[in-house]
Amino acid sequence: SSKMSLNSLTSGGGLVKKVRKREKRGLFAILFGLCSGPEAGVGPSLLTEAGPGEDAAGYMHKLGGKGSAKFWQRRLFILKGTELFYYKDRSDPEPKGVIRLCGASFYFVKSTDKENHFRIKHPDFKIRDLACDDEKWLDLWTNLIQDTIEQATRQKEMAGWVHKKDKGGKHGWKKRYAVLDGSGILRYFENPDDLVCKGELNLKDATFEMVGEESDGDRARRSRASSSISGGKFLFNIVMANQVRQFYTEGFSDRTKWKDSVDAMGALRRKSLLGETDVIVKSWVYKKGGGSSVLGRKNWKKRYLVLTKDKELFWFKSQVPDNIFANRSRALAAALGSMELQDSGISVSTGYASKYNHVFKIEGGNRKRGFEARAETHISMLEWLRKLEDSILSHTPTDLDKEISVGEAQMV
């Protein structure tokens, strides 16, 4: 991973935040501690301690105590989805606590008493200070935590306070901390850091219904109507196949966020039922690897290459189903590697010297990454070139377009 670039956010140089875009790596590489370049090999791993149903596990130090009586405690941390649980060790039957990463922020800290120190901040939780044993573990944990936070944002996962009406209507409204994750399950807790939920709802087939919202028209009239709903309560219903549950938030923007999240979960479900996929193009190719043979040459290895609608390229050792890309974390975990095509300067090319036919190259970007791939047929190569070009940029015809058009004409 690239070196970290840090800028102080305080005059005293205390709290700092990573500001340079870090190198993106596949979750597979992050968990197994794989690196590239001259130091390539297997280093520290976050899968060594992970058990069934656990995404990652390893030890860190957590700052505990209160006031001036704070001290560092070594704890076992286990990541499940977007929740980071911590234990004293494996002998603990239940976790000591949880850090929910949905909606959280990550910062490095310049600490005088602890190296490899970072901080997780969340508007609904107290600040959590953590530290790793060395820089290698710091690199693994920070990459994993930041990837998890970003994934939750992309998938429109949601966590926050809502008021939930009692199902039977006997006890009125109860304030609960609700968490809606990528599985489509809404869990609600009495407090944000509680370990045991008070209940859950399956929202995979649910729809969101505004209550008291004016029809499209005058914005000021709509705002007045919304703010006056039941004394400032922003009401909504979640409609499921067998029941309707009522909620309200204390802010208009919070209700909008819940609507976006519930709608996103419903869209994922509908895509799954309709058989829609996020895949643009896929096929077997031969990819030139980073290793070397006994003769000192890089090897060509057969890989299953997939380009998704999110402009991301994945390669696998074996063929994978299209529906795996509905959940990016699953795709990353299964992939040997990935590459985002939204970085500036990335381009595809062909026609350079090669002893093989149907070879194309992807190179450039902010991190100067790239590789060569060899399609099994000329038609397959042309399809890859076209789709890659379309994904990288919206462009006027280029020399590569002309080359593809000529190649297609020659195939007729």
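Rings of Phe, Tyr and Trp (its six-membered ring) are taken as a pair if their centres lie within 6.5 Å. The views below are drawn from a predicted model.

**View 1. An aromatic cluster of three phenylalanines.** Under that criterion, Phe-106, Phe-108 and Phe-118 come together as one aromatic cluster. The structure holds 15 aromatic pairs when counted in this way.

**View 2. The tilted pair of Phe-77 and Tyr-86.** A pair of aromatic rings is described by the distance of the centres and the angle of the planes. For Phe-77 and Tyr-86 the centres are 5.6 Å apart and the planes make an angle of 45 degrees, an arrangement that is classed as tilted.

**View 3. The stacked pair of Phe-236 and Phe-247.** The rings of Phe-236 and Phe-247 form a stacked aromatic pair, with 5.4 Å from centre to centre and 10 degrees between the planes. Because Phe-236 belongs to strand S17 (residues 234-239) and Phe-247 to strand S18 (residues 244-249), the pair ties together parts of the chain that are 11 residues apart in sequence. Phe-236 and Phe-247 are both buried.

**View 4. Lysines over aromatic faces.** In one of these contacts, Lys-175 lies over the face of Trp-161, at 5.0 Å from the centre of the ring. In another, Lys-287 is placed over the face of Phe-371, where the distance to the ring centre is 5.1 Å.

**View 5. The salt bridge between Glu-54 and Arg-90.** The side chains of Glu-54 and Arg-90 form a salt bridge with an N to O distance of 2.7 Å. Glu-54 is found in the loop between strand S4 (41-42) and strand S5 (56-64), and Arg-90 in the loop between strand S7 (83-87) and strand S8 (97-100), so that the contact ties together parts lying 36 residues apart in sequence. Glu-54 counts as buried because its relative accessibility is 15%, which is under the 20% limit, whereas Arg-90 is partly exposed, with a relative accessible area of 41%.

**View 6. The salt bridge between Arg-74 and Asp-133.** Here the closest N and O atoms of Arg-74 and Asp-133 are 3.1 Å apart, and the two residues form a salt bridge. Since Arg-74 lies in strand S6 (residues 71-80) and Asp-133 in the loop between strand S11 (128-131) and helix H2 (135-154), the pair ties together parts that are 59 residues apart in sequence. Arg-74 is partly exposed at a relative accessible area of 40%, and Asp-133 is likewise partly exposed, with a relative accessibility of 41%.

**View 7. The salt bridge between Lys-288 and Glu-372.** Lys-288 and Glu-372 meet through their side chains in a salt bridge, at 3.8 Å from N to O. The pair links distant parts of the chain, with Lys-288 in strand S19 (residues 279-288) and Glu-372 in strand S25 (residues 369-375), 84 residues apart. Lys-288 counts as partly exposed, at 25% relative accessibility.

**View 8. A network of salt bridges.** Glu-83, Arg-100, Asp-181 and Arg-187 are joined in a network of salt bridges. The count of salt bridges comes to 12.

**View 9. The cysteines Cys-132 and Cys-197.** A search of the whole structure finds 0 disulfides. Cys-132 counts as buried, with a relative accessibility of 3%, while Cys-197 is partly exposed, with a relative accessible area of 27%.

Note on methods
Residues numbered from 1 in each chain as written. Predicted model: local features only at pLDDT ≥ 70, side-chain atom pairs only at ≥ 80, totals over all residues. Heavy atoms only, no water. Disulfide = S-S within 2.5 Å. Buried < 20%, exposed > 50% of the residue type's maximum accessible area, 1.4 Å probe, protein only. Salt bridge = Lys/Arg side-chain N within 4 Å of Asp/Glu carboxyl O. Helix = DSSP H or I, 4+ residues; strand = E, 2+ residues; numbered from the N terminus. Phe/Tyr/Trp six-rings, centres within 6.5 Å; stacked < 30°, edge-to-face > 60°. Lys NZ or Arg CZ within 6 Å of the ring centre and 35° of its normal.
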